[in-house]
Structure formats: structure tokens, C-alpha cells
Amino acid sequence: MSPAIKGAFAAIHRIDTWFGARLLRAITMHLIVSGSWRHSAERGLYCVRDQSRKHGLCHQMVVGSTGLHAYEYRTSHAATRCGLSVNPPPEGARSWLPPVRGDLPPADSIVPWRYLLSFSSSLPVRLSEDVVWAYTRHVDSGAATMELADAYVATAQCAAAVAALAPTQQGRYEVSDGDGLMWQVLVDQRIHEKPLVRGVRPSVGRFERPVRRMRGTGAPFRVVVAGRPPLPEGRQAQRTF
């Protein structure tokens, strides 16, 4: 799947590109199995859709004859405006997201991509993948036994609460969660309207204030955030051919 499609998907749904790539593969797998297919003999491509009369076009992919190459992603609305009811996975269920390449879901797992897309799209923060695994290792006492889906939700819930304490003024901040962790939050609306949680570590010592501004510019850090593509009103898509 091309970087252009991944970037457009992340921009439309306002999520991190790295996490969007995992969700996009899960959506593609769902569409191939359960979507509505149409064939274009002229283009030699297939269009597979996830849509309903009531809620419109949720997701559409244009794929090659083998289903292994995607050429276009389209939707009529962002995930935050989807009318479909989305529930979290049942308690105790084993959630799973496919890696960018390889692997199929274990037999005893579920792939809650629709819930995860809605959840991540509505988050008030962004997360680096390193933060997700760093927080997971802390929770698991040094191990990282959670699947990505569960690790992402657990981290995002804590990160959102912590980031809410950071000022809206541009800058880098360290925020204590009161539970032994110090979170690093980058606020810069020139890059993205959502603050980025870019680091988490055990806190050392005591701080008079739970939030402190970090001095200096620190190490360069960039997260790929695609700009929203210019699209006609009421339609969101990315064409790559």
C-alpha cells in the first residue's frame, strides 16, 4: 500500500500515520472478505465497498486483480462523523491488529478495527509508537505482552488525561501523572492541532508542580502527518493513479 494512501487515510481520520497504516490493512482485509465488489474491465481493477443506505459510504478501496495492491482509498465521512454504532471489544477478548506486512489473525482473536478507528480519530492527542510500547513495558513490569490494540487503548487513555494538563501555549512540557510516570508533551499547532505525546519515563524525585516547561529545543523529532488533501465538498478520497 502506497505512502500516499496511508497519509491520506491518516489525514482524513486525523490519526497518527503509523497507527493508521495498521488500521488500513485491517480494513482492507475486512473489505476483501465482506465488502461489496465491482469490476472495471476497462481499468482491470476492482472496487470493494463498505457502505449502507442509511450511513453512506464508510470505506472503499480500489485494488488490483489479486487484491494485494491498493490504488485508492475513499470515504464519504471521517470516522468521528460516522453514524454506525461502535462498541468496544467484549471484556477479556483478545484484540489483534495485523502488522503492515505478513501474518493473519490468530484463531481465537478479534480484529476491532472499526472501534479502534473511531477511538483513535476522536482522541485529543497523538502518540508515537515508542510511547505505546514504553508505557506497556512499565505496566507489564518490563515485559511487553499486550497486543498492539490493547496497548494502544491503554496508553491513549492515560496520555489523553495527562496531555489535558499541558498548557495550550506552544512548547515542550513534562507532565507528571501522579502515578510514577513523567510524560513528554509537544504542543505546536503549526505541525498539528493535536498535541503529541512523544515520551514517557519513570519520574525521579519530587516536583513542586505537576507540569513544567522543558528548556532548550531538545533532540529533533518529527512525526509524519499528512495534510488533508483538497477534496470536493462531501467527499473524501485519495487517488494515486
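## Around Glycine 199 and beyond

Leaving aside residues up to four places away in sequence, glycine 199 touches Val131, Met182, Trp183 and Gln184. This is a predicted model, so read everything below with that in mind. Glycine 199 sits in strand β8, which covers residues 196-202. Is glycine 199 buried or exposed? Its relative accessible area is 17%, and buried means under 20%, so glycine 199 counts as buried.

Now look at the partner from the other side. Valine 131 belongs to helix α4, residues 129-139. Its neighbours, again not counting residues up to four places away in sequence, are Thr155, Trp183, Val197, Arg198, Gly199 and Val200. Valine 131 is buried, because its relative accessibility is 1%, under the 20% cut-off.

| Pair | Distance along the chain | C-alpha separation |
|---|---|---|
| Glycine 199 and valine 131 | 68 residues | 5.4 Å |
| Valine 131 and arginine 201 | 70 residues | 9.1 Å |

Zooming out, the protein chain has 241 residues, and 45% of them count as buried. It is built with 5 helices and 10 strands. Take the contacts between residues at least 6 apart in sequence: 55% of these join residues at least 24 apart.

On to the nonpolar core. The largest one has 50 residues, and Leu23, Tyr152, Trp183 and Val197 have the most contacts inside it. Helix α5, residues 148-163, gives the most to this core, with 10 residues. What does tyrosine 152 touch, not counting residues up to four places away in sequence? The list is Asp16, Trp18, Phe19, Phe119, Ser120, Leu123, Leu127 and Val132. Trp183 and Val197 also turn up among the contacts of valine 131, and Trp183 is one of the residues touching glycine 199.

Two of the residues touching tyrosine 152, Phe119 and Ser120, are among the buried residues of helix α3. That helix spans residues 113-121 and is mostly covered, with 7 of its 9 residues buried. Besides Phe119 and Ser120, the buried set holds Trp113, Tyr115, Leu116, Leu117 and Ser121. What do these buried residues pack against? The partners are α1 (3-13), α2, β2, β3 and α5.

β2 (residues 45-52) pairs with β1 (residues 36-40) in the antiparallel sense, over 5 bridges. Within that pairing, serine 36 stands opposite arginine 49 in β2. The two strands make a hairpin with 4 residues between them, and glycine 44 in the turn has a positive phi of about 70°. β2 also runs antiparallel to β3 (residues 56-63), and 7 bridges join them. There, cysteine 47 stands opposite valine 62 in β3.

Finally, the outside. The protein chain has an accessible surface of about 13,200 Å², and 51% of that belongs to carbon and sulfur atoms. Which residues form a nonpolar patch on the surface? They are Ile32, Val33 and Trp37, with about 300 Å² of accessible area together. Valine 33 is found in helix α2, residues 17-34. Its relative accessible area is 69%, and exposed means over 50%, so valine 33 counts as exposed.

Notes
Residues numbered from 1 in each chain as written. Predicted model: local features only at pLDDT ≥ 70, side-chain atom pairs only at ≥ 80, totals over all residues. Heavy atoms only, no water. Patch = residues over 30% accessible without salt bridge, like charges linked within 9 Å, V, L, I, M, F, W, Y side chains within 5 Å. Areas by Shrake-Rupley, 256 points an atom, 1.4 Å probe, with all protein chains shown as cover. Salt bridge = Lys/Arg side-chain N within 4 Å of Asp/Glu carboxyl O. Buried < 20%, exposed > 50% of the residue type's maximum accessible area, 1.4 Å probe, protein only. Contact = heavy atoms within 4.5 Å. Core = buried A, V, L, I, M, F, W, Y, C linked by side-chain atoms within 4.5 Å. Pairing = 2+ DSSP bridges.
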